[in-house]
Amino acid sequence: MSEQSKSSQAPDRTPRVVIIGAGIAGVQTAVALREQGWRDAITLFGDEPHQPYDRPPLSKAVLLGKADGSAFDVDFEGLGIELHLGRRVTALTPDRRQVETSEGPVRYDHAVIATGADPVRLPGSQGLPGVHLLRTLDDAERLRPVLAAQHEIVVVGAGWIGAEFATAAREAGCAVTVVEAADRPLAGALPAEVAAHMTGWYAGAGAELRTGARVASVAPGAVTLADGTTLPADAVVVGIGARPATGWLAGSGVEISAEDGSVLADERLRTSVPDVYAVGDCASFPSARYGSRLLIHHWDNALQGPRTVAENIARGGTEGLVYDPVPYFWSEQFGRFVQYAGHHGDADEMVWRGDPSGAAWSVLWLRGEEGPREGQAGGGEGGRGAGRLVALLAVGRPRDLAQGRKLIERGVALDRERAANAAVPLKAAAR
């Protein structure tokens, strides 16, 4: 055997980061690694055959035919990122420090799990013609002609995705009925007294909203509810939530939450397996700011988390960064721009800013404690007449959101009376 042949068969010992998942979390991790000075190999695997793309436009411009796609503007070749499309990763084997793929194993020095979440399917509907999900570019492409034909559509689920799809379908001229098992829209996201003011948005846009309505069965051309009502449906769109795409990790030693299926990452987004990180929709993490573990299925989390992962990998053996963001998301529905920042789960009270029956209003969540949680910056005094801002919902009031997000980050207490006055800038209510 020649020296050249021996050399060609020598194992590759180049330090390598393998990223599983080519959505925004995976792509941003790869880009951030280069920004943080990682000069060695980066391998990025994506299940889909398409160039990596952004998801928010799928329920808007792509769905309505106003855009052909939403590919990320990233020069993978120029950045030296090995991109493998349509190549599924099937297992993680930490003892061998490799991932198993549809085309064989790949060695890693660091691995990043960024597999996102899979949509929850409506029982009994899988494989039925005319039943759709809206999670991928292919999903949006299949739904585009449905909207263009102005079909009669039943949407199952009045969450964020259901509302955004119903908005697009009404804009396209479709007849839309939204059925929701809970007694209100956004039941899993917002308190009843807040969501109640969003119920009328559907009728205002010409869509019918049926709450307390459970689907009994789906058949071609019809949806039957538990009370016996049959709704005509040229198409059915299911938007009843998503669960972390972590089933492929079975047997890997990566600790998974029995409650929600998320990878149980630590405060630095490390998993229970050495040199393996998790980021984005598939991972939950402990928040010192809120004193609880958070699982955030929103775009901003998938954008911010990768910077922490990349810096922690690039730093090598140092302690690394702690990830404790103020969660943020937005939604465009029925002509309204809705934004949310923070986490209201442990708030003591709500404060309204503006008239919720109008076009622009906000809700503040305050916690009446004397001081911040451990690891959180102080700012302002607690006590009577003041409460620490922990979350904010803004409808058509982007300035409230921008100012409120900064106040949450700083752990600032607000004067309740001034905070409730919509004419007073929110930052001017700080104590």
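**Strands, cores and salt bridges in a predicted model**

Ser-284 counts as buried, because its relative accessibility is 1% and the cut-off for burial is under 20%. This serine belongs to strand E20, which covers residues 283–287. With neighbours within four places in sequence set aside, the contacts of Ser-284 fall on Ser-262, Val-263, Leu-264 and Ala-265, and also on Arg-293, Leu-294 and Leu-295. These values, like the others in this section, come from a predicted model.

The mean pLDDT of the protein is 92, and 93% of its residues reach 70 or more. Two stretches deserve a careful eye. Over residues 1–8 the pLDDT is below 50, and beyond near neighbours in sequence this stretch has two contacts in the model. Residues 370–383 also have a pLDDT below 50, yet 36 contacts beyond near neighbours in sequence are found for this stretch. Where pLDDT is low, the predicted coordinates should not be read in detail.

Turning to the sheets, five strands make up an open sheet with parallel pairing, in the order E3-E2-E1-E7-E19. Strand E3 (81–85) and strand E19 (276–278) stand at the edges; each has a single partner strand, so one side of each is left without a neighbour in the sheet. From one strand to the next, the twist averages 15°. Within this sheet, strand E2 (residues 41–46) runs parallel to E3, and five bridges join the two. Leu-44 has Leu-83 of E3 as its bridge partner.

A second open sheet has antiparallel pairing, with three strands in the order E13-E14-E15. Here the edges are taken by strand E13 (215–219) and strand E15 (230–232); because each has a single partner strand, one side of each is left without a neighbour in the sheet. The twist in this sheet averages 20° from one strand to the next. Strand E14 (residues 222–225) pairs with E15 in the antiparallel sense, over three bridges, and Thr-224 stands opposite Thr-230 in E15. In general, strands of a sheet pair through backbone hydrogen bonds, either parallel or antiparallel.

The nonpolar interior comes next. In soluble globular proteins, nonpolar side chains tend to be buried together. The largest nonpolar core of the model has 92 residues, and those with the most contacts inside it are Ile-153, Phe-165, Leu-393 and Leu-414.

The whole structure holds 21 salt bridges. In one of them, the side chains of Arg-97 and Asp-275 meet with an N to O distance of 2.9 Å. The two residues are 178 residues apart and link distant parts of the chain: Arg-97 sits in the loop between strand E4 (89–93) and strand E5 (98–101), while Asp-275 sits in the loop between strand E18 (263–264) and E19. Arg-97 counts as partly exposed at 30% relative accessibility, and Asp-275 counts as partly exposed at 32%.

Another salt bridge is formed by Asp-346 and Arg-367, whose closest N and O atoms are 2.8 Å apart. Asp-346 lies in the loop between strand E23 (336–342) and strand E24 (349–353), and Arg-367 lies in strand E25 (residues 361–367), 21 residues apart. Asp-346 is partly exposed, with a relative accessible area of 21%, whereas Arg-367 is buried, at 4%.

The side chains of Arg-353 and Asp-400 also meet in a salt bridge, at 3.1 Å from N to O. This pair connects strand E24, which holds Arg-353, to helix H8 (residues 398–410), which holds Asp-400, across 47 residues. Arg-353 is buried, with a relative accessible area of 0%, and Asp-400 is buried as well, with 4%. Together with Arg-397, these two residues, Arg-353 and Asp-400, are linked in a network of salt bridges.

Terms used
Residues numbered from 1 in each chain as written. Predicted model: local features only at pLDDT ≥ 70, side-chain atom pairs only at ≥ 80, totals over all residues. Heavy atoms only, no water. Pairing = 2+ DSSP bridges. Helix = DSSP H or I, 4+ residues; strand = E, 2+ residues; numbered from the N terminus. Axes fitted to C-alpha atoms, helices over the stretch in contact; angles between N-to-C directions. Buried < 20%, exposed > 50% of the residue type's maximum accessible area, 1.4 Å probe, protein only. Contact = heavy atoms within 4.5 Å. Core = buried A, V, L, I, M, F, W, Y, C linked by side-chain atoms within 4.5 Å. pLDDT = per-residue confidence, 0-100. Salt bridge = Lys/Arg side-chain N within 4 Å of Asp/Glu carboxyl O.
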